[in-house]
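Biologist: I am new to this structure and should be grateful for a guided reading of it. May we look at it together?

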Amino acid sequence: MSDTYINLSWSQVAWASALVVVNAFISVLIRLGLERRLVLAALRMVVQLILIGAVLKWVFSLRQWYAVVPLMIAMSLIGSLAAVQQTNRRYPGIWLNSIAAVFASSWLMIFVGILLIVRVHPWYSPQYAIPLAGMILGNTLSGISLTLDRFAEELTSHRDQIEAFLALGATRKEAAREPIRKAVTTGMMPTVNFMVLAGIVTLPGTMTGQLLAGVDPISAVKYQIVIMFLLVSGTALGTVGIAIFAYRRLFNSRHQFLYWLISQPDKSRLDGILSP
Amino acid sequence: MSKDNLLLRAAGIGRRAPDSGGWLLQDISFDICAGERLAIVGPSGSGKSLLLRALALLDAIDAGEIELRAKPAAVSSVPDHRRDVIYLHQRPALFEGTVEWNLQKPFSLKIHRRNRRYDRGRVLELLRAVGRDDSFLRKTNGQLSGGEAQITALIRAIQLEPSILLLDEPTAALDQETAAAAERLVNDWLRQLPHGRAMVLVSHDSSQARRMSDRILRIRNGRLEGNSGE
């Protein structure tokens, strides 16, 4: 880290928080009705970040796999549940499908990143493992969520066509091919767009963080490129994985479409906790 | 009907509601022989459509057995069964594109592309029977009336030369003229190969059921009430 790095004091953070008051004032002024939500969201964000900061401080000081891995597991589980929470249609088994897709895709990419590309030693070094896990999980879960939503939407709105296709002799794979293609494309699109616009419209998070910490820009760019590839690969695996899991749940081996399994979500208490 | 003519047999079919587990269809048994035109009638919600869907293996059954040419349907490949027994929904489901593209679409499926090709001549012959020419093939699905869409779906099924057509209220939403054309199409198709084809029609219109069939099955609350006809 460079000596140009400015360590923020709590009073500086407090000054920044005053900006929320400005936003709330604008909301009141033009009657947006957002002020309460805005303030609550800001408070929630501050509390969440301070809590995770305290946890990270403890994990960083411990530098042991038995502190890092459980934290990554907890992050993955919360991510899996949040992915489902954002969907408008569900089916029995969707939670397990999401957990399996998040773990299989993200953890593979986390280990590829840590062990094969960045070659961190020891592999559980929290300075690398946790930010990498956070970024990969964040992207994968939104990809999974979009894929699940679009897949269920396609199956529901095109049920007649899918059944007509099955009735004409299509296999379940042939009948579900188009909905799967559309769902995976939807899930991948934000990550692909982000990659296209990186450096032109936005400076991605890792790069920005490293630049703020005084790292050489070319070194920051190299990290960003590696991370973008890990993100896009994790999202691709996650979206294809969840589409296959959902397809196998909603079409049985007798090439029957189990449309009645798809339902509108019954918002649980967990939804309240995970919703924005 | 002799046993040699037997195409499809339903033996004690039962189906439960996926949510409540109550019986939607119970102990339904009947045979369909080559050359036969069978109608299934009954009040709304009696299970007519469910029965047709079960015969096409579109829904799982919870009891009984379906046999095609004396072989249990459970042991054959489901797409193979559906190549021979085609179900046509009362709401014609067409894909985005022209009529011709819709008619070509089934030939992209593994089950048909093995030994069949799209035959434009045959399609034009079927179209002429319902008073349409080749310009109809260029219409897109958005330009079709409900009746024209149903005619397209019917031709899409008939050109695949199934042994049995399962027609679920095929003319329910059609005007009289188009309904007559659809009936003519089905009757001509049956007449072309009377010893190899059969048709099962679900209808709420008892006069259509009498006109279009040789035998009528009545269904109520998921059970057959008895046969009539010939």
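Predicted model: local features only at pLDDT ≥ 70, side-chain atom pairs only at ≥ 80, totals over all residues.

Biologist: How far apart do the C-alpha centres of domain 1 of chain A and domain 2 of chain A lie?

Modeller: Chain A is divided into domain 1, residues 9-62, and domain 2, residues 64-274. The distance between their C-alpha centres is 27 Å.

Biologist: Which class of residue does domain 1 of chain A have on the side that touches domain 2 of chain A?

Modeller: In this contact, five residues of domain 1 of chain A meet seven residues of domain 2 of chain A. The side belonging to domain 1 has no polar and no charged residues; its five residues are nonpolar.

Biologist: Which element gives the most to the side of chain B that touches chain A?

Modeller: Here 22 residues of chain B are in contact with 15 residues of chain A. Helix H2 (78-84), strand S6 (85-88) and helix H4 (110-113) of chain B each give two or more residues to that side. By class, the side of chain B has 15 nonpolar, two polar and five charged residues. With four residues, the element that gives the most is H2(B).

Biologist: How many of the 32 residues of H5(A) are buried, and what is the distance between its end C-alpha atoms?

Modeller: H5(A) is mostly covered, with 24 of its 32 residues buried. Helix H5 of chain A runs over residues 126-157, and at 1.5 Å a residue it should therefore span 46 Å. This agrees with the distance between its end C-alpha atoms, which is 45 Å.

Notes
Residues numbered from 1 in each chain as written. Chains lettered and ligands numbered in written order. Domains from an automatic or database assignment. Contact = placed C-beta atoms within 7 Å. Nonpolar A, V, L, I, M, F, W, Y, C, P; charged D, E, K, R; others polar. Expected span 1.5 Å × (residues − 1). Buried ≥ 20, exposed ≤ 12 C-beta atoms within 10 Å, placed from the backbone.
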